Amino acid sequence: MIGFGLRLAVASGREALLRFVVIAVAVALGVGLLLSTAAGVRALEAQAGRAGWIAAQPADAAPAADPLVWSRRWDFFDGKSLDRVDVGLTGPHPPAVPGLPRVPAPGEYYVSPALHDLIASHPADELGARFPGREAGIIDDSALASPDSLIAVVGRPADEVAAIAGARTVSSISTNAPPIPVAALDLVLSVLAGGLLFPVLIFISTATRLSAARREQRFAAMRLVGATPRQVSMLATVESSAAAVIGTAAGFALFPALRALMAQFPFTGMRFFPEDLSPGWLAAVLIALGVPLGAALAARLAMRRVRISPLGVARQVTPAPPRAWRLIPLAAGLAELAYFIGRRPPTSHGQVAAFLPGFLVVMAGLVFAGPWITMVGARLMARRARRLPTLVAARRLADNPQAAFRAISGVVLGLFVVSAATGVITTIVDQRGVRESPLAAATMVQQFDRDGAQVPGALLDRLRGTPGATFALVLYQNPENTPMSPPNVAPCAELARLPQYGRCAPGAVVAQVPYDLVRLSPNREAGPDTVWPASPVTVEELAALPISTLAVGLDGTPGARERVRTVLQLAYPDGRVPPATENDYVGNQRTQLNQFQRLANVVMLFSLPIAGCSLAVSVAAGIVDRKRPFSLLRLTGVPLRMLRRVVALESAVPLLAVAVLAAVTGFAAAQLFLRAQMGYTLTPPGWSFYALAALGLAVSLAIIASTLPLLERVTGPETARNE
């Protein structure tokens, strides 16, 4: 029976061969994405663990005889974050530092490959001079989170490192991966699972139904000539399993190409190492065995009518219409999300357990409620029908809304995921978004975290003489120190030279100013019209106040920014807080928002084409399965263009009806999540979302139109004679 089943699958006409190929392609795509998803999760864990040593957590091994003095700080270069670790030797037997052949001695440093390239490609006064001494080597990839990691391990005398705020002694360094933030990981899982895997699974399910009516008739004929139910089930299983096995093998062959693409795309703001993008043997085995077994099970279930009776296929009975109770799962998912408004669990584990099931139930509820929405739309269309194609399409949709919705379910789920993700991201950007400020970008500040800081006149002269620097101004701590008063004070004689930041009140000699001269409040910044409030401090008293900040103006060029930063770092090598502009400080926040946007883009990039393929296969399968009724209609004089309108309406009406529900549900789920998790109110997305949604629907309609020429090929008079 196995050999006979294989011959039926590939040697019983073009129709059977086409179905075999489509199933294999769908399974290959699904397996490739399943492997990529599993590999991406493992890569996230590996990326978090590779650089865990920077935190210098104690290891389980015996401590070294001579501890290291360890200080971890951060730095910036050209909008990128840079990790700097200063180490000081206390003896000849220090603990091993992962990724380094030895601990650097004073005057030596190790850098990551990406940082090495930056140092080599930029002038020393912009970057290289920040690391005095010589480069002793390159940090091994095993100690880097990403090929893009910027890390430097700098050797300095132990007493100098100990003088840095926050420095500590380290006797052993753990190489164990720290726990990855569960909320972030499950965000990736939910987006990928919902936005990628659901449409893929729908595509596979749709492909297995290709020519389903013809196959049922063929197997029913076998039953009539003596085949047993077991033999029919075996044939169906072999036919589907063979395509699934070939598709699974093709999916594994496709995975290296997908892995190469994933390695070049910075999902988390940094690229993955290709070797980290591995699904693991357990996931690979489960996918390799589970997909063919799932296909075999689906084939056996699909033949249940034939197993009951060979005449079960001939008796075409209109399915019972879906009822309104199909909306219950959808409502339950939204109610689950709404329940946690004001009841957000305190831990990340609890938050994931609260919100992730709700989103998954909403997605399942959309699929479950889709046929009922389709039926309602069909009945409304039938009431307003004035032409034959509209009436026929409405009657067809009302008779079997489940089959009609199945064709467009992938597009609907993709639209829901995109709507929910866009709603969440748009709101976060609006609430926490980084608003670029030319004035803030042109102001470098060196904050002093200890009293007693000094700013020599020679340093001010050097800063003012640095190419691209426009001014250097010392800001002192405001002695008033009230919540409503600015934190710093500065002489009005100096501020008068900086009209772009504002002006002093009339008669004032010392003014109260913000720490960077720019940020008045989270949503307000200084400008030419700003009037600084006067301070009771005199010019003579000003010099005796502790220095708070050194502000340096920039001409806006990257080179000027990095040159000034390097001068300040060399002047204050023990500073805990690096010199930076406001845009540098918010760069990490901007990167995080970009990560969310990238994830949404990934979902849109993959889910919509997959949903489009599923739609094309469904429409084509529906045409092929009904080629005899269509042929008979053509013989009775129905024009071909009228049949095309019927097919188009059968797909377009449920698509548009349920698409509106999917978008509204996506925004509703986003609003409930935002209120429960962050206390935000949904910000409506911009025109780009609606343009994207309209484009997606237009592409879906174009896919439907592309299948219509098939009608002419399969509805000729010979079809009616041969059937």
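Select β7 and α19 (582-585) to begin: each supplies at least two residues of the lining of the second largest cavity. Helices (H or I, at least four residues) and strands (E, at least two) are DSSP runs, numbered from the N terminus. A cavity here is a set of points, on a 1 Å grid over the protein atoms alone, where a 1.4 Å probe fits but cannot get out, and lining residues have an atom within 4 Å of a point. The model is predicted, with local features needing pLDDT of at least 70 and side-chain atom pairs counting only at pLDDT 80 or more, while totals for chains, interfaces and linings use all residues. Residues are numbered from 1 along each chain as its sequence is written, and side-chain values use heavy atoms, with hydrogens and water left out.

Next, select A440, T443, V445, Y515, D516, V518, A580, T581, E582 and Y585, which line this second largest cavity. Its volume is about 40 Å³, a volume being the space filled by probe spheres set on the points, with grid points joined across faces, edges and corners. The lining has six nonpolar, two polar and two charged residues (Ala, Val, Leu, Ile, Met, Phe, Trp, Tyr, Cys and Pro count as nonpolar, Asp, Glu, Lys and Arg as charged, and the others, Gly among them, as polar). The structure holds two cavities of 30 Å³ or more.

From β7, move to its sheet. This open sheet of five strands has the order β7-β15-β8-β9-β11, with antiparallel pairing; two strands pair if DSSP finds at least two bridges between them. β7 (443-447) and β11 (510-513) stand at the edges with a single partner strand each, so one side of each is left without a neighbour in the sheet. From one strand to the next, the twist averages 30°.

Select β8 (residues 469-477) and β15 (residues 547-554), which run antiparallel and are joined by seven bridges. L473 has A551 in β15 as its bridge partner. Angles run from 0 to 180 degrees between N-to-C directions, and axes are lines fitted to C-alpha atoms, for helices over the stretch in contact. Contact means heavy atoms within 4.5 Å. Helix α18 (residues 558-571) also packs on this sheet, touching β7, β8 and β15, and its direction makes about 150° with that of β15.

Select β3 (residues 108-111) with β4: the two run parallel, joined by four bridges, and V111 has I138 in β4 as its bridge partner.

Then select β1 and β2, which pair in the antiparallel sense over ten bridges. W74 has D83 in β2 as its bridge partner. These strands form a hairpin with two residues between them, and D78 in the turn has a positive phi of about 55°. β2 also pairs with β5, in the parallel sense over five bridges, and V85 stands opposite V153 in β5.

Finish at helices α21 (residues 627-635) and α22 (residues 640-677), which pack at an angle of about 145° with their axes 10 Å apart. Here F630, L633 and R634 in α21 meet L640, L643 and V647 in α22.

Methods. 1 Å grid on protein atoms, 1.4 Å probe; cavity = no way out; pocket = protein on both sides within 12 Å on 5 of 7 lines; lining within 4 Å.
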